[in-house]
Each structure stands twice: as structure tokens, then as C-alpha cells.
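Subject: Structure handover

Hello,

Here is the structure we talked about handing over. Please look through it first, then read the notes below.

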Amino acid sequence: APPAPPCEPAPASVTAAFAAMAPAPPPSGFAPGSDEMPSVGSQEHAEGACKPCAFFHTVGCTNGVACQFCHLCDAEEKKRRRKEKLQAKRQAAKEAAAAAAAEDDATAASSPAEAEGER
């Protein structure tokens with residue numbers, strides 16, 4: 001058999017086209033639909049920045065993997081977070097009222113002294 005002719009390098013356009021067809025590297029982290037990330041909204045569950053799905057544990061979520069809410073949170077998570085938020089809001093209002101009262105007391109205490117100095 002005659003020897004094979006030497007190979008010529010491929011033109012740059014062919015090399016670039018082949019590089020564009022190469023598969024993308026695998027994604028970092030878990031894939032949506034996996035046990036670790038059953039919905040798109042479950043992505044930030046580990047950081048506690050997710051929002052629980054209100055339907056997943058009750059009537060079932062019809063959005064499935066595409067749901068923007070977390071399917072990893074337990075059934076009581078939404079209620080617990082709402083309760084914490086309300087408590088924090090009440091505490092902030094209480095502190096604001098106490099600060100306003102203290103300011104009013106300080107203003108009232110300085111007013112009589114100023115009034116006597118004017119006489």
C-alpha cells in the first residue's frame with residue numbers, strides 16, 4: 001500500500017467552527033430538578049435567602065422545577081418567617097416609641113429651666 005499523504009493543518013475558520021461546537025463545561029453546583037435543588041427557587045436555600053413555596057406542602061406546586069420559590073423549606077417555614085418578621089416589626093416600633101418618649105422627656109426637662117432663665 002502506498003504511504004498516506006501528509007495531513008495539512010485545518011484552516012482557521014474550520015478550527016473556530018469546531019471550537020464553537022465543543023460542549024459547554026458542566027455547571028457548577030446542583031442542577032434544577034435534583035434532590036439538592038428541586039426547584040429554581042431552592043438555589044439560595046443553604047444561605048437562608050430563599051422564599052418558601054406556599055403550595056408545595058399543601059396542594060402541591062404546579063410549577064415544578066420552574067417554581068421561583070423554595071421546595072426544600074419545611075411546611076412550617078413560611079409561617080415561622082412571617083412570625084419572626086412581625087415580631088421584629090413590633091420590636092422596632094416599640095424601640096422607636098421609647099426613643100421618641102425619651103426625646104420628649106428630655107425636651108420637657110430642659111424647657112422649664114430655659115423658661116426660668118428668661119424671667
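Helices (H or I, at least four residues) and strands (E, at least two) are DSSP runs, numbered from the N terminus. Residues are numbered from 1 along each chain as its sequence is written. This is a predicted model, so local features need pLDDT of at least 70, side-chain atom pairs count only at pLDDT 80 or more, and totals for chains, interfaces and linings use all residues, while side-chain values use heavy atoms, with hydrogens and water left out.

Helix 2 and Glu 77

Glu 77 lies in helix 2. Glu 77 is buried, at a relative accessible area of 11%. Buried means under 20% relative accessible area, exposed over 50%, and partly exposed in between (1.4 Å probe, protein chains only). The Glu 77 side chain makes a polar contact with the side chain of Arg 80, at 2.4 Å. A polar contact is a pair of N or O atoms within 3.5 Å; within protein, one must be able to donate a hydrogen and the other to accept it, and residues adjacent in sequence count only if both atoms are side-chain atoms.

His 71

His 71 sits in the loop between helix 1 (12-21) and helix 2 (77-118). His 71 is buried too, with a relative accessible area of 8%. Beyond its neighbours within four places in sequence, His 71 is in contact (heavy atoms within 4.5 Å) with residues including Pro 38, Phe 56 and Gly 64.

For Cys 50, the nearest cysteine sulfur is that of Cys 73, 3.5 Å away. Cys 50 is buried, at 5% relative accessible area.

Best wishes

Methods: A disulfide is a pair of cysteine sulfur atoms within 2.5 Å.
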